[in-house]
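Hi everyone, thanks for coming.

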Amino acid sequence: MDMTRDWCVLAAPHGGFVMAVLLKAADTGLRWSSNNNAKYRDPLWASAQFLGVLRPGKVRFHVRVVKMGAAYANVHVSATQRGRQTQILSAIFGNFDRRDATMPSYTQPRLQASRPKAVDVDTVNKGELQAASTLLSVSSVFGHFDMQFRKIDHRAVELWTRWKDARPHDAISLAMFADMAPPHPLVVDFERAPRSVEEEKHSTLSQVAVPVDQRGKFWFPTLEMSITFHARPESLHDHEQQWVLCTQTLLVGTNGMFEEVGVLSDVGGRILATYRQLASSVSTAVNFKKGGKHKHNSNRSKL
């Protein structure tokens with residue numbers, strides 16, 4: 001396939017978009033191998049490792065169906081560009097309609113959250129959170145979505161999002177939405193980081209927070225991302241019902257890396273997916289030359 005600049009943040013494709021494309025490749029390969037067997041209709045879990053940075057241009061996906069069992073299928077995907085492996089993904093597929101009397105059933109919890117009003121993406125730019133405006137200034141990716149952002153506290157954020165063109169959601173969309181919230185180094189209140197030497201020593205917040213005046217000089221590449229799907233998104237054509245809520249929390253941040261966990265739910269509070277992401281904070285000068293060109297002269301990524 002051809003990676004276009006429409007889905008890039010700075011000079012690299014958006015991590016959630018890459019995750020979604022990998023999952024789509026896995027789904028397509030499995031459907032072809034299984035003759036579109038309904039047993040494997042739904043992705044149940046996927047995990048991707050980002051070995052290097054993709055660039056706009058041609059990308060080749062190698063899909064290997066590892067196993068097709070009685071209830072589940074395992075698929076492996078490898079992405080390469082210019083002869084270099086850039087991502088690998090492992091995924092498990094099944095069917096949410098499967099009923100097994102031997103398995104215990106649990107009532108799925110529902111989240112309580114205020115539904116958003118229709119909000120144009122430009123509204124985020126006028127908000128008090130500079131992280132959102134920074135993201136919008138470096139990428140056209142976010143112009144594809146309506147978004148409403150709210151900071152819950154210094155560790156947690158809440159983001160309502162939906163496709164601006166009112167297309168119905170599917171599991172591939174959820175893989176994209178799992179990486180839509182601003183990275184926590186942009187969200188953490190730097191002024192709320194511990195002040196004393198002792199507190200600083202044991203703090204995870206101050207180690208990942210990026211000062212406001214430096215936020216345009218960093219980017220936050222994904223190292224690993226995994227998502228577990230819990231329900232099939234409803235194909236709703238009412239645009240006001242198409243909002244998806246992302247509630248994301250900073251779990252820990254240290255040594256230039258940070259780990260985030262999140263929950264995706266629909267407007268009725270039904271949990272659709274949970275995810276976990278490991279990312280790093282990198283100066284743009286490390287990986288990009290002036291003009292957005294990548295400093296890459298070998299098969300080793302500077303990440």
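Let's begin with an open sheet of 10 strands, paired antiparallel in the order 6-7-8-4-12-15-14-13-10-9. Strand 6 and strand 9 (145-151) are at the edges with a single partner strand each, so one side of each has no neighbour in the sheet. From one strand to the next, the twist averages 15°; such angles run from 0 to 180 degrees between N-to-C directions, with axes fitted as lines to C-alpha atoms.

Before going on, a word on what you are looking at: this is a predicted model, where local features need pLDDT of at least 70 and side-chain atom pairs count only at pLDDT 80 or more, while totals for chains, interfaces and linings use all residues. Residues are numbered from 1 along each chain as its sequence is written, and side-chain values use heavy atoms, leaving out hydrogens and water.

The protein chain has 8 helices and 16 strands. These are DSSP runs numbered from the N terminus, with at least four residues (H or I) for a helix and at least two (E) for a strand. Two strands pair if DSSP finds at least two bridges between them.

How many bridges join strand 6 to strand 7? There are 8, and the two strands, residues 60-68 and 73-81, run antiparallel. They form a hairpin with 4 residues between them.

Next, the inside. Of the 303 residues in the protein chain, 48% count as buried. Buried means under 20% relative accessible area, exposed means over 50%, and partly exposed is in between, using a 1.4 Å probe and protein chains only. In soluble globular proteins, nonpolar side chains tend to be buried together. A nonpolar core here is a set of buried Ala, Val, Leu, Ile, Met, Phe, Trp, Tyr and Cys residues joined through side-chain atoms within 4.5 Å.

Which residues touch the most other members of the largest core? They are Leu-89, Phe-177 and Leu-264, in a core of 50 residues. Helix 1 (residues 15-33) gives the most to this core, with 10 residues. There is also a second, separate core of 5 residues, including Phe-220 and Leu-250.

Not counting residues up to four places away in sequence, the residues it touches include Leu-174, Phe-177, Val-244 and Tyr-275; contact means heavy atoms within 4.5 Å.

Finally, charges. The whole structure has 9 salt bridges, each a side-chain nitrogen of Lys or Arg within 4 Å of a carboxyl oxygen of Asp or Glu. One of them joins Arg-162 to Asp-146, with the closest N and O atoms 2.9 Å apart. Arg-162 lies in strand 10 (residues 156-163) and Asp-146 in strand 9, so this pair ties together parts 16 residues apart in sequence.

Is Arg-162 buried or exposed? Arg-162 counts as buried because its relative accessibility is 3%, and Asp-146 is also buried, at 6%.

Another salt bridge, between Arg-276 and Glu-259, has an N to O distance of 2.7 Å. Arg-276 is in strand 15 (residues 271-280) and Glu-259 in strand 14 (residues 257-266), 17 residues apart. Here Arg-276 is partly exposed, at 37% relative accessibility. Last stop: Arg-41, Asp-42, Asp-97 and Arg-232 are linked in a network of salt bridges.
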